[in-house]
Amino acid sequence: LRLFAGSANLPLAQEIAKYLGMGLCPMVRKSFADGEIYVQVQESIRGCDVYLIQPTCRPVNDHLTELLIMIDACRRASARQITAVLPYYGYARADRKTAGRESITAKLVANLIVQSGASRIIAMDLHSSQIQGYFDIPCDHVYGSPVLFDYLNKKHLPDLVVVSPDVGGVARARAFAKKLNDSPLAIIDKRRQGHNVAEVMNVIGDVAGKTAVLVDDMIDTAGTIYEAAKLLRKVGARQVYACATHAVFSPPAIERLSSGVFEEIIVTNTIPVPSDSYFPQLKVLSVADLLGETI
Ligand code: R5P
């Protein structure tokens with residue numbers, strides 16, 4: 001077994017390697033003046049089971065291209081099996097056509113990864129579970145939620161209600177609520193007006209006087225959970241927590257999340273959070289052990 005890290009999340013790859021009691025194998029990664037990427041594996045991997053750890057987070061296109069080149073380099077070096085470990089899968093939200101003449105980019109990217117030579121995928125919290133089937137190779141879909149609800153359970157929060165910030169997230173929130181002592185569930189009926197613009201309409205369920213825990217797969221601009229949190233406060237929630245596996249954190253996420261609406265925002269380290277983006281209400285939990293165990 002050989003572990004390699006792309007450049008997208010070296011600290012997570014190092015933690016996974018530590019969990020597995022092994023080192024990361026050496027790989028040279030360079031960018032040419034025009035932005036082209038060069039990768040060279042620095043030791044023989046002939047006949048080896050190779051694991052490439054690379055979330056395809058921002059800059060998504062660079063990290064994706066780097067992953068494809070890493071896979072190709074390993075294939076051409078005669079690795080026996082190449083597993084792409086994708087703590088975060090970029091383009092996951094483009095998983096269907098919502099209007100005519102659009103791309104289903106999540107499928108296109110899966111095709112590229114498979115065609116590069118990957119033989120297996122380990123992915124965490126894919127935006128929708130049908131993306132598993134976009135890969136025509138084995139795909140282990142693991143969830144980061146155990147680290148989130150373990151953390152929350154230890155806080156013994158009173159009068160919990162788990163809230164899905166949109167109708168699409170109900171199954172995820174329901175599963176989460178079950179693990180949080182079978183807490184009740186509320187749903188926010190949201191109407192979206194455009195990409196990255198969220199408009200919250202109303203809350204279905206009882207949240208007044210309760211501790212609301214918003215659950216989502218990712219926080220990108222934070223528009224979704226910020227609007228949801230403001231509404232929950234307006235209708236009487238006592239405290240609002242937010243939980244998400246992927247801290248995409250595109251501007252103005254930090255401003256919204258640190259605005260005082262949230263008691264705490266709990267995310268994982270599938271995507272690195274830059275040190276200058278930390279704020280007091282942010283808690284980042286590690287999924288390294290979970291991914292290490294899966295490997
Ligand atoms: C939507 O379907 C997703 O599950 C997230 O709710 C959404 O992508 C989060 O984006 P933002 O933080 O920009 O509202």
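**Burial, contacts and backbone angles**

Me: Is leucine 282 buried, partly exposed or exposed?
Reply: In this predicted model, leucine 282 has 19 other C-beta atoms within 10 Å. A residue needs 20 or more to be buried, and 12 or fewer to be exposed. The count for leucine 282 therefore makes this residue partly exposed.

Me: Which residues is leucine 282 in contact with, leaving aside its neighbours within four places in sequence?
Reply: Leucine 282 is found in strand β14, residues 282–285. With neighbours within four places left aside, the contacts of leucine 282 are Leu257 and Ile265.

Me: Where does UniProt place the feature "binding site"?
Reply: The feature comes from an unreviewed UniProt entry, which places it at two residues, His127 and Asp166. They span 40 residues in sequence, yet no two of their C-alpha atoms are more than 13.2 Å apart, so they gather at one spot. The residues in the record are His127 and Asp166.

Me: Is histidine 127 buried or exposed?
Reply: Histidine 127 lies in the loop between β6 and β7. Among the residues it touches are Ala92 and Asp217. Because histidine 127 has 20 C-beta neighbours inside 10 Å, it counts as buried.

Me: Which residues does aspartate 166 touch, not counting residues up to four places away in sequence?
Reply: Aspartate 166 sits in the loop between β8 and α5. With 19 other C-beta atoms within 10 Å, aspartate 166 is partly exposed. One of the residues it touches, Lys190, is listed by UniProt as "active site" in an unreviewed entry. Not counting residues up to four places away, aspartate 166 touches Ile188, Lys190 and Thr224.

Me: Is alanine 222 buried or exposed?
Reply: Most residues other than glycine have a negative phi. Alanine 222, in the loop between β11 and α6, has a positive phi of about 70°. Since alanine 222 has 29 C-beta neighbours inside 10 Å, it counts as buried.

Me: Is serine 78 buried or exposed?
Reply: Serine 78 also has a positive phi, near 65°. Its place is in the loop between α2 and β5. Serine 78 has 11 C-beta neighbours inside 10 Å, and therefore it counts as exposed.

Me: What is omega for the peptide bond from proline 251 to proline 252?
Reply: Most peptide bonds are trans. The bond from proline 251 to proline 252 is cis, and proline 252 lies in the loop between β12 and α7. For this bond, omega is near 5°.

Methods: Residues numbered from 1 in each chain as written. Predicted model: local features only at pLDDT ≥ 70, side-chain atom pairs only at ≥ 80, totals over all residues. UniProt positions renumbered as here; feature names shortened; annotations may be inferred. Helix = DSSP H or I, 4+ residues; strand = E, 2+ residues; numbered from the N terminus. Contact = placed C-beta atoms within 7 Å.
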